[in-house]
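Please look through the model that follows before reading on. The paragraphs after it lead from strands to helices and then to the positions annotated in a database record.

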Amino acid sequence: MSDKFDVVVIGAGPGGYVAAIRAAQLGLKTACIEQYKGKEGKVSLGGTCLNVGCIPSKALLDSSYKFHEAHEGFKVHGIDAKDVTIDVPAMIGRKDQIVKNLTGGIATLFKANGVTLFEGHGKLLANKQVEVTGMDGQTQIVEAQNVILASGSRPIEIPPAPLVEGIVVDSTGALDFTSVPKRLGVIGAGVIGLELGSVWARLGAEVTVLEALDKFLPAADEQIAKEGLKILTKQGLNVRLGTRVTGSEVNGNEVTVTFTDANGEQKQTFDKLIVAVGRRPVTTDLLAADCGVESDERGYIYVDDYCATSVPGVYAIGDVVRGLMLAHKASEEGVMVAERIAGHKAQMNYDLIPSVIYTHPEMAWVGKTEQTLKAEGVEIKIGTFPFAASGRAMAANDTAGLVKVIADAKTDRVLGVHIVGPSAADIVQQGAIAMEFGTSAEDLGMMVFSHPTLSEALHEAALAVNGHAIHIANRKKR
Ligand SMILES: Cc1cc2nc3c(=O)[nH]c(=O)nc-3n(C[C@H](O)[C@H](O)[C@H](O)COP(=O)(O)OP(=O)(O)OC[C@H]3O[C@@H](n4cnc5c(N)ncnc54)[C@H](O)[C@@H]3O)c2cc1C
């Protein structure tokens, strides 16, 4: 049997499902193929993001933050909550229910938009034919005018720390602990390691993060990374930089990790170990040898700025191609590709993709860092505003961190917004919108911000760029 579609999408993560819905909205006959089975043994849409990534991790971050606040943060408000306890299975159950609702919601959206779902494995053959192997092992060929490859990524495993069920886990396993480990090791101080380490630290685990690099968060602005590390360390997260893991040994219910740092070889024993050293693209049995699509030695599919592969009519988006491994980057690529297939002149601004780390406080940035701009020889001026001077942050007893706005010294155009502090993820988006419209620091300073809000810190940092901040002493008065 052979079906013919305008668009066939392989993978229903935030790249693939968004591309499929947008293509269908544009009147294209669209199908999407997904193979991932959720906890209930049924195909579950939404990819890494909805099943084992963004959403479940945030569900646990929010639950654990409430617990932590009850223990550590309520007292200052005059609230006594010393008998608060955590029911880990209930917390995990809440997270699973959110995943179920959201992934089921994608299936409903597919129906509402007329997207045909094929449950099974998709493989691109020559001439834009796609082979679908259903869950029952039966295969069928689907013909496509256009194919979008959106097969995503999976956690990287490392030889010194092979996974051992329930003890040495990847990010997926770390979302399903049944109790709070007393001693938790995390390999990797990237976004995922810091977020998952924070979840269990807030619930009482002693967390040690082992990071091979000497520098904390090398992609972040140095001032933000430094401040972020200081705050996380104060919270009890033990981040050990320059620490290379060389081996691990599981004995009963614990694992002993061997690593080297400036003091030579050392060992540390944990009850659980999370391996969070990055992700790699998934192309397993995705591309037939004669399909014409090329990928690099690490598995990333080659695409141009518009996500077109070397085969006309075949596109690739999201984690399986170059760039940041982020859900919002994948989704926007999905929209761009669907619109280009429909004949629109869509494009995407890769320079303004915000990055967020959902620790508390959050760290978030968009645009270029001070270090990058200086290395590029751009003359810049900088305004910062500490949350310690924000009335709203004081009211919330949440005053750690700062907002930093970087502008071009000659044109005043905002080139970067970098934040560590409460609601950084939401505040940075205001910077991203302003930058998309080519705002100057003066423009941003002239906008009326609601009072009292945490966003006022962005307003004040923009004013500080030209020495006009009201609620802190300016370095340069005008
Ligand atoms: C713990 C964690 C937290 C994260 N938090 C955030 C966050 O807060 N914000 C953020 O932006 N990003 C976050 N991410 C990253 C985000 O999840 C990914 O960048 C995003 O899901 C990538 O989307 P995608 O559509 O490219 O791929 P994926 O979401 O990986 O989806 C790909 C889908 O394709 C399917 N597939 C693969 N091959 C085939 C095939 N041959 N046939 C059929 N189906 C196939 C897979 O089963 C999968 O469902 C997080 C990731 C993790 C692990």
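In which sense do strand β8 (residues 183-187) and β14 pair, and over how many bridges? They pair in the parallel sense, over 4 bridges, where strands count as paired if DSSP finds at least two bridges between them. Helices (H or I, at least four residues) and strands (E, at least two) are DSSP runs, numbered from the N terminus. The model is a predicted one, in which local features need pLDDT of at least 70 and side-chain atom pairs count only at pLDDT 80 or more, while totals for chains, interfaces and linings use all residues. Residues are numbered from 1 along each chain as its sequence is written, and side-chain values use heavy atoms, with hydrogens and water left out.

Strand β14 (residues 272-275) also pairs with strand β7 (residues 168-169), again in a parallel arrangement, through 2 bridges. Ile274 of β14 is the bridge partner of Val169, and Val186 likewise stands opposite Ile274. In a regular strand the side chains alternate between the two faces of the sheet. In β14 both faces are covered, since Lys272 and Ile274 on one side and Leu273 and Val275 on the other are all buried; buried means under 20% relative accessible area, exposed over 50%, and partly exposed in between (1.4 Å probe, protein chains only).

A separate paragraph belongs to an open sheet of 3 strands, which has the order β11-β12-β13 and antiparallel pairing. Its edge strands are β11 (244-251) and β13 (264-270), each of which pairs on one side only. Neighbouring strands of this sheet are turned by 20° against each other on average, direction ignored, with axes taken as lines fitted to C-alpha atoms (for helices over the stretch in contact) and angles running from 0 to 180 degrees between N-to-C directions. Between β11 and the antiparallel strand β12 (residues 254-261) there are 7 bridges, and Asn251 stands opposite Glu254 in β12.

Among the helices, α1 (residues 14-25) has 12 residues that should span 16 Å at 1.5 Å a residue, and its end C-alpha atoms are 16 Å apart, which agrees; the expected span is 1.5 Å times one less than the number of residues. Helix α1 is mostly covered, with 10 of its 12 residues buried, including Tyr17, Val18 and Ile21. Just after α1, Gly27 takes a positive phi of about 90°.

Turning to the record, an unreviewed UniProt entry lists a "binding site" that includes Gly188, Val191, Ile192, Glu195, Glu211 and Gly278; such positions are given in the numbering used here, feature names are shortened, and annotations may be inferred rather than shown by experiment. Val191 is found in helix α5 (residues 191-202), and at 36% relative accessibility Val191 counts as partly exposed. Glu195 is also found in α5, yet Glu195 is buried, with a relative accessible area of 5%. Beyond neighbours within four places in sequence, Glu195 is in contact (heavy atoms within 4.5 Å) with residues including Ser57, Lys58 and Tyr358.

The unreviewed entry also places the feature "binding site" at Lys58, Gly122, Asp319, Met325, Leu326, Ala327 and His328. These positions span 271 residues in sequence, and the farthest two C-alpha atoms are 29.9 Å apart, so they do not all gather at one spot. Asp319 is found in the loop between β16 (314-316) and α7 (327-341), and Asp319 is buried, with a relative accessible area of 14%.
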